[in-house]
Amino acid sequence: ESGVGELRLLRSGDGPSGKVRLVMRTDGGRLCANHWLAPGLELCPHEGAKHAWRWTAVGDKAPALDGEGPGDGEGSVCMLARLASAELSEQFRTHFTAGCKHPD
């Protein structure tokens, strides 16, 4: 499954101590990623694609892109984000890593 669109890291609560949720919607508006960042979540460069990162999301709530039902928040899902430039890729890595430091 894949989607092209806007990926956001959203902080809950006030200030820098709030938990961070990763949300992505496709250009068509369909939700394709929706999960909390948590300690222990490992962001790795994706070989074979420039400016790309992969990680395993636990408890993603996004519905399946194939229409096979809503995300149940159970289990884990391998995620991949390919960004448009090296600068955006580095910004994503920095903010993703910082978001994972919030305790559950």
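Helices (H or I, at least four residues) and strands (E, at least two) are DSSP runs, numbered from the N terminus. The model is predicted: local features need pLDDT of at least 70, side-chain atom pairs count only at pLDDT 80 or more, and totals for chains, interfaces and linings use all residues. Residues are numbered from 1 along each chain as its sequence is written, and side-chain values use heavy atoms, with hydrogens and water left out.

Select G29 to begin, in the loop between β2 and β3. These two strands form a hairpin with 4 residues between them, and in the turn G29 has a positive phi of about 95°. G29 is partly exposed at a relative accessible area of 37% (buried is under 20%, exposed over 50%, partly exposed in between; 1.4 Å probe, protein chains only).

Next, display β2. Of its 7 residues, 6 are buried, so β2 is largely enclosed by the rest of the structure. Strands pair if DSSP finds at least two bridges between them. On one pairing, β1 (residues 5–11) runs antiparallel to β2 through 7 bridges; R8 has V23 as its bridge partner. β3 pairs with β2 in the antiparallel sense over 5 bridges, with M24 opposite A33.

Finally, select the largest nonpolar core, which has 16 residues (buried Ala, Val, Leu, Ile, Met, Phe, Trp, Tyr and Cys residues joined through side-chain atoms within 4.5 Å). β2 (20–26), β3 (31–36), β5 (52–58), β6 (76–82) and α1 (86–99) each supply at least two of its residues. Centre on F96: beyond neighbours within four places in sequence, its contacts (heavy atoms within 4.5 Å) are L9, L22, L37, L41, L43 and W55.
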